[in-house]
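Try each task before you read its solution.

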Amino acid sequence: MLREGTDERNPPLERLRFLAFFTKNTDEFFMKRVGGLKQQIDAGVTETTPDGRTPEQQWREVLDAARPLFREQSDYWQTVLKPALAEEGVEIRTPEELPTEERERLRTYFEDSILPTLTPLAFDPAHPFPFISNLSLSLAVLSSNGSSDPTFTRIKIPPNQPRLIRVSNESDGYVLIEDLIEANLDLLLPDLDIRDVSKFKVTRNAEVRRNEEVAEDLIDMVEEVLEQRRFATVVRLEVDGDMPDESLSILKDQLDVDDREVFHRAGPIDYEDFFELVDLDRPDLKLPTWTPQPHPRLGPTTSDTQDGPTDIFTEIRKGDILAHHPYHSFEGTVQRFLHAAANDPDVLAVKAAIYRTASDSKVIQSLIDAADNGKQVAVMVELKARFDERNNLEWVRQLEEEGIHVAYGTVGLKTHTKTALVVRQEDDGVQLYSHVGTGNYHSGTAKGYSDLGLLTADRDIGLDLTKVFNFFTGPTLDDRFRKLLIAPVTMRERFTEMVRREADHARAGRRARIVVKVNGLEDPSMVAELYRASMAGVDIDLIVRDICRLRPGIEGLSESITVHSIVGRFLEHARIFYFENAGDPEWYIGSADWMTRNLDYRVEAVTPVEDPRLRRQLRFVLEASLTDNRRRWVMQSDGSYEQVSSDDEPVRDVQETLMAAAKAAVDRGYGSGMEIDPDLIAGDLLIEAVSESDADAGSEKREGPDEVAAEPEEPNEADDAVADASEDSKASDTSNEADAGKQIHSDGGSDSPFDVHAEHWYRPDSRTYDWAVRTSDGNRRYFKTREGARKRLQSEYE
C-alpha cells in the first residue's frame, strides 16, 4: 500500500488514497497483531512460532520494521505529494500562512463552533491523568501561570468535527483542525503562558476476549468486550517529531509505554481523514471513475426499469450466474436476488449469514421486508466480526424487533460464510436458490473489494446450505455434505486431499497443477502440504495478497512454487481454487483463506464451480492475474517482494482488464459476465476434462488438452499463439504451413480426410497446438495430435 502511495505512475489523489489506507491498515495491524503479541508477552508466553521466534522477538522486529515505513510516509507527504497537490490547487495550510482577514474569519469560526466542544483536561496534583481513547488525536499542552513548573493539559481533537476546514477564498484550500485549535489556544486557555503544543495519538490493543463457554449471553459478552477494549493496553504512541522530553515522559509513564513503542512523526500523525480530499471532484487528479456494470444476464436495475421479482429466479434456473464485484453491480445481482426473494409471493423462506454489512444496509431491509411479507426468515449475524461488533449489535436488535429469528454466533467459532438461501414454491415442487460468495453483504465494500459470488439453483448446494443454516439455529454441525466444503468439519480434509492428489498425479507423470488465490496463507499444515507437492513436481502458483508463510523457489523444497501479490485500486478479496487433477479440473470459490483460523475456528463455505462458461471466466481472472505487469509483486525466496515491471511490453493491469471485459460484455448484450479478449492473456488452465491419453502424457502435462474448442462468442484463450491463428483464407493457412516446415502429405490415397476436407483444417502458428479444424457450426477446434484432427474431420464431414 505504501509503495502505491509513492508510485509516481498513480495520479496525486490516488497516491493520497493509498497513504490514507496505509494509516488505516497499520492502525488495525497494531490493534490486532501487535496487540496479540503484547498480550502474549504480558502473559509470560515464551513458546516459539514455526520460524523459531518468541512473542517478544516478534514484537521487537515488528516495531523495528514499522519505523522506517512511517518515516517514509511522512517524508513523501511533506516533500513530494503535499507540494504536488498544492500546485494543483489542493492545499493544506497552517493558519499563520493565511491572510489576516481569513485568519480572523477562522478565529470566529473556532470560537463559535469548535471551542464549545473542547474539554481541556489538566494533569496535576488536583487532577488525575485523563483517559486517552483508542486512535484519538490529541494535543499535549505545556503551560504555566508564572510558576516555574509547567502544567500538562490534554486536549482531545473532537471526532465529530471536520478535521479538514475549508479556507473560504480558496476552492480546495484547507487547514487542519488541530492547527486551528493550536493557533487559538489563548481563547481556550486564557492568561496562560503556552510553552509547547504537540500532537499525539494512542493505539490500544483490540485483542480483548472473554471465555464464551462461561458467558451467559453472547450479546452481553460482546458489549463487555467493547467496553474493555476502550481501556485496553496501549501498543503504540505516535507523537510529533519535536515533542519535548517533558511531555513525552509524562505520556510514557502514564500510558505505560516502552521507548520502542514511541513513533516520532513529522507532519500529520493521522492520514485517514484525508479520504475526504480523495473524494474531491477533481477527475484530473484521479484514476478514471469506475461504475459497476449490470450483469449481462440480468440487465440493468433501477427504480424505473427493474424487472419483475420472478425474473432473476427464472434466469438462475436456466444456468448458474457468476457475479464479480465491483466489475458487476452488487445492487443488480446480490441485492436484487434478496429483494426479489422478499417480494415474490412464491418464496417461502429466506436465510442469510451476515458477517459485515453497511450501516444503511438494503440487504437487512430486504430481510425485514421478507418477514413483513410473511416469509420465514432466519438470519445469522456474527457479533464477533472485529471492529463491526457495535454495528452488528444494532442490526441484531432491529431484526429481533421485527420478529425475525436471529442467531448471533456459535461457541468457539466465528461465522464467516457469505451465504444466502431462498426457498421457493414452483410448479414442479420446492426449489432452492443459493448464493455463495467470497465477500460480505456490504454495498459499500462491494464497490472497492474484488469479490465473487455464485447464484445457483443446484439442489445439492441448496441442501448443503440448509444444513449449514440449521447449524446456526440448532445444536450441531453435520459433517456430511454433497458439494460444499464446510469449515471446520470437511474443508481442511478435502483441501489436503486435493493437494496430495496433485502430488500423486505428478509422481505418476500425469497433469498436475495448483493455482490458488487467497488473502492469506498462514496455516503451517497447508504450507507443508504445498512444499511436499512441489517436491513431487506439481507446478503451483499462489496469488496471496496479504500474509504468506510459504517461501517459494527454495532448492529441493519449493522450486516449482511462485507466490504473487496484487495491490490495486480495488482490494483483491476473492478466493479461487484450481486443481488440474490429471486433466479433470476442479474449480472452487468461497469465503475461506488458507489460515488456521479459517480452516479450524470459523464456519466457512467453499463451493465448486462446474459450469464451463463460469470456469472460463474464473480462468480469465487467474490468467490475467498471473500475467499482470503493473500491480503484481512476486515473492523472492528470502521473503522479500519485487514488483513486476512491464519493461518494453504493453502494460497489463488485471483490474483494468476486468473492467474492460465487464464493460464489453454489457455492450455485447445478453450472455456471460465477462467478454474475454484472448489477446490479453496466455494460459493453459483447463475448463473441462481432457482425454485420458492426454492426461497421462506426462511430458506434455503443461501443454493443454489435445482438443480445445474456440467459440466465436468467447474465443478460447488457452494460448496466445492460438489466439493469433488466422482464418483469413486457405491460401494464408497453406503459406503458414510451408513457412513453418509443417506441410502435410496425403495419407496415401485420394480419400484421405486431410485431402478431401482440405478447406476445413489448417496448421496454426502455435507453440502448443499443431492442428486446427473448422467445425460445421463455424467454430474452431485445436489439436495436439494428427490423429485427433483426423477423427474430428471425419466426425464433422463424413
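E4, D7, R9, R630, R631 and D653 are linked in a network of salt bridges. A salt bridge here is a side-chain nitrogen of Lys or Arg within 4 Å of a carboxyl oxygen of Asp or Glu. Keep in mind that this is a predicted model, where local features need pLDDT of at least 70, side-chain atom pairs count only at pLDDT 80 or more, and totals for chains, interfaces and linings use all residues. Residues are numbered from 1 along each chain as its sequence is written, and side-chain values use heavy atoms, with hydrogens and water left out.

**Exercise 1.** Find how many salt bridges the structure holds.

Solution. The structure holds 58 of them. Side chains of opposite charge can pair when their charged atoms come close.

**Exercise 2.** Work out which parts the salt bridge between K201 and D27 ties together.

Solution. 
- Start with the contact: K201 and D27 meet with N to O at 3.0 Å.
- Helices (H or I, at least four residues) and strands (E, at least two) are DSSP runs, numbered from the N terminus.
- Then check the cover: K201 is buried at a relative accessible area of 0%, and D27 counts as buried at 3%. Buried means under 20% relative accessible area, exposed over 50%, and partly exposed in between (1.4 Å probe, protein chains only).

**Exercise 3.** Say where D270, another partner of K201, lies.

Solution. 
- D270 forms a salt bridge with K201, with the closest N and O atoms 3.2 Å apart.
- D270 lies in the loop between β9 (262-265) and α9 (275-278) while K201 is in strand β7, so this pair joins parts 69 residues apart in sequence.
- Both D270 and K201 are buried.

**Exercise 4.** Decide whether E522 and R549 are buried, partly exposed or exposed.

Solution. 
- E522 and R549 form a salt bridge, their closest N and O atoms being 3.5 Å apart.
- E522 has 18% relative accessibility and counts as buried.
- R549, at 36%, is partly exposed.

**Exercise 5.** Name the residues that form a negative surface patch with D253, and locate D253.

Solution. 
- D253 is in helix α8 (residues 245-255).
- D253 is exposed, at a relative accessible area of 58%.
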